[in-house]
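User: I have a two-chain model open and would like to go through it with you. Can we start with what counts as buried?
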Amino acid sequence: MENITYIGISHQVALQQQIEVTANNIANMNTPGFKANNILFTDYVTAPKGGEAIHQSQDYATYSDLTIGNLIQTSNSLDFAIHGDGYFTISTPEGARYSRDGGFALNLNRELVTKTGHRVLNENDNSIVVPADAAQIRISDDGTISSEQGDIGRLKIVNFDNQQALKKMGDNLYDAQGQSANLVVNRKVTQGQLEGSNVNPVVEMNRMIQLMRMFQSAQKILQNDHDRQLGAIQKLTQPA
Amino acid sequence: MSLTLDIGATGMLAQQLNVDVISNNIANMTTTGYKRQRAEFQDLLYQTKIRPGASSSDQGTTIPAGIQQGLGVKAGSVYRINEQGALQITGNQFDIANKGAGYFQITLPNGETAFSRDGSFQVNQNGEMVTAKGFQLQPGITIPPDAVDVTINATGQVLVKIQNQTNLSQVGQIQTALFANEAGLDAIGDNLFLETEASGNAVVGNPGDDGYGALEQGALETSNVNIVQEITSLIQAQRAYEMNSKVIQAGDEMLTTITQMR
């Protein structure tokens with residue numbers, strides 16, 4: 001008797017999850033290197049005795065849209081963008097983390113660091129130190145940073161067999177979740193640019209409106225079922 | 001559901017900061033030696049609802065991606081882009097532009113040393129070179145009252161021509177300061193900066209030396225604000241702000257739908 005209510009509720013819970021993911025995408029519309037998230041659903045089948053199977057909806061996984069975001073021209077010599085696949089390797093107190101956000105700065109020791117102060121690693125897993133009297137920092141396509149006085153180090157750009165399994169840690173960082181990082185051979189890094197967020201505002205706003213309407217229609221189903229139950233009770237309890 | 005409202009709010013706050021930074025850049029479009037700023041954002045923490053890699057059966061199958069719910073956005077940093085500004089010829093003999101790295105040193109009234117890219121100097125009643133606020137250039141340079149012409153060369157030497165003398169005489173040497181991390185300087189307004197632990201100590205040297213920019217007399221370094229870029233960013237930021245407000249509206253409407261449930 002209450003099956004409709006349960007199906008309706010499972011639908012609403014799923015829609016709510018989805019709108020939260022959409023809200024997070026819209027909030028990160030201007031976050032460098034951000035990858036939009038999407039949510040997947042599956043049906044959860046229950047087969048009551050003697051009745052037909054009931055399919056409820058259940059959230060199943062979030063996945064990232066891995067398309068590359070637009071490049072934003074910043075003219076800052078310490079802003080780098082990776083063209084194609086790959087992640088910068090960042091050293092944090094919790095271990096190596098990975099990022100697509102190439103907006104770096106120098107710290108007191110002239111080490112290349114992220115905006116949160118974590119060191120960016122070179123291919124030998126050491127920090128990249130810019131000499132004190134270097135005036136011009138340049139990067140070649142393969143990620144080698146140099147100044148007018150010579151090479152400084154090569155950015156460690158890695159990729160993973162399963163990028164979907166990377167865990168987002170906030171601060172534009174990813175955790176590899178135990179996956180081994182493979183050095184990217186064919187890479188291209190450019191300077192003075194940042195990779196923008198790949199969130200497409202049109203798609204997200206559209207999805208949000210759609211979700212909102214679906215939520216309302218699910219509500220309508222619940223409402224109708226409620227009325228039906230009420231009517232049934234009233235009719236059945238009327239004296240003959 | 002309230003997550004939607006909160007996430008939308010973080011987005012609005014972030015875009016508010018973005019607009020604030022952009023408006024300050026536009027306001028300082030014609031400020032001598034001003035370096036434009038950029039706000040940068042980072043995603044907030046994630047809530048893990050289903051952990052990626054959790055086993056989905058006793059046959060060793062695992063969930064490939066899991067469910068991660070992001071909680072919005074935050075301001076990562078607002079940083080100065082220390083790109084060289086264009087030189088504007090003013091013809092004023094006490095206007096000096098720095099054509100490379102290095103800050104002029106200014107003595108504040110409290111004795112502290114501040115640093116500036118603004119080279120529009122004047123002479124006070126004692127013949128000392130001072131900023132528009134009357135703060136003295138360091139090392140102090142005094143122009144004799146009988147000087148008819150002042151030449152400041154690329155390496156910072158201040159030479160004056162005294163009436164009835166054939167040779168120029170040197171009255172001082174302008175020195176500039178370099179920092180390990182310019183972005184770490186503390187801006188105090190009036191085009192002045194203070195050194196901080198993050199910037200490192202000032203390394204003072206003569207203009208034109210290795211690493212130090214040469215000087216140009218009769219010119220000023222304009223602000224490096226690119227107005228086309230700023231206006232475009234302003235439009236983007238405002239639209240992003242609007243979209244985040246729509247998210248809040250949507251969350252609100254969904255809450256209304258729920259409260260209508262009997």
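Analyst: A residue is called buried if 20 or more other C-beta atoms lie within 10 Å of its own, with C-beta atoms placed from the backbone. Please keep in mind throughout that this is a predicted model.

User: OK, which residues are buried in α2(A)?
Analyst: In α2(A), the buried residues are A:Glu204, A:Met208, A:Leu211, A:Phe215 and A:Ala218.

User: And what covers the buried residues there?
Analyst: The cover includes α1 (3-27) of chain A together with α2 of chain B.

User: How far does that helix of chain A reach, end to end?
Analyst: Helix α2 of chain A, residues 201-237, has 37 residues and spans 54 Å from its first C-alpha to its last, which is close to the 54 Å expected at 1.5 Å a residue.

User: Switching to the whole of chain A, what is it built from, and is it compact or spread out?
Analyst: Chain A has two helices and 18 strands. Its radius of gyration is 26 Å, well over the 18 Å that the globule rule gives for 240 residues, so chain A is more spread out than a compact globule. Along the principal axes, its C-alpha atoms fill a box of roughly 100 × 35 × 30 Å, and 38% of its 240 residues count as buried.

User: Now the interface: how many residues of chain B are in contact with chain A?
Analyst: On chain B there are 54 residues in contact with 50 residues of chain A. On that side of chain B, α2(B) gives the most, with nine residues.

User: What sort of residues are they?
Analyst: The side of chain B that touches chain A divides into 26 nonpolar, 19 polar and nine charged residues.

Terms used
Residues are numbered from 1 along each chain as its sequence is written. Chains are lettered from A and ligands numbered from 1 in the order in which they are written. This is a predicted model: local features need pLDDT of at least 70, side-chain atom pairs count only at pLDDT 80 or more; totals for chains, interfaces and linings use all residues. Two residues are in contact if their C-beta atoms, placed from the backbone, lie within 7 Å. Helices (H or I, at least four residues) and strands (E, at least two) are DSSP runs, numbered from the N terminus. Ala, Val, Leu, Ile, Met, Phe, Trp, Tyr, Cys and Pro count as nonpolar, Asp, Glu, Lys and Arg as charged, and the others, Gly among them, as polar. The expected span of a helix is 1.5 Å times one less than its number of residues. A residue is buried if 20 or more other C-beta atoms lie within 10 Å of its own, exposed if 12 or fewer, and partly exposed in between; C-beta atoms are placed from the backbone. The radius of gyration is taken over C-alpha atoms; the globule rule is 2.2 Å times the number of residues to the power 0.38.
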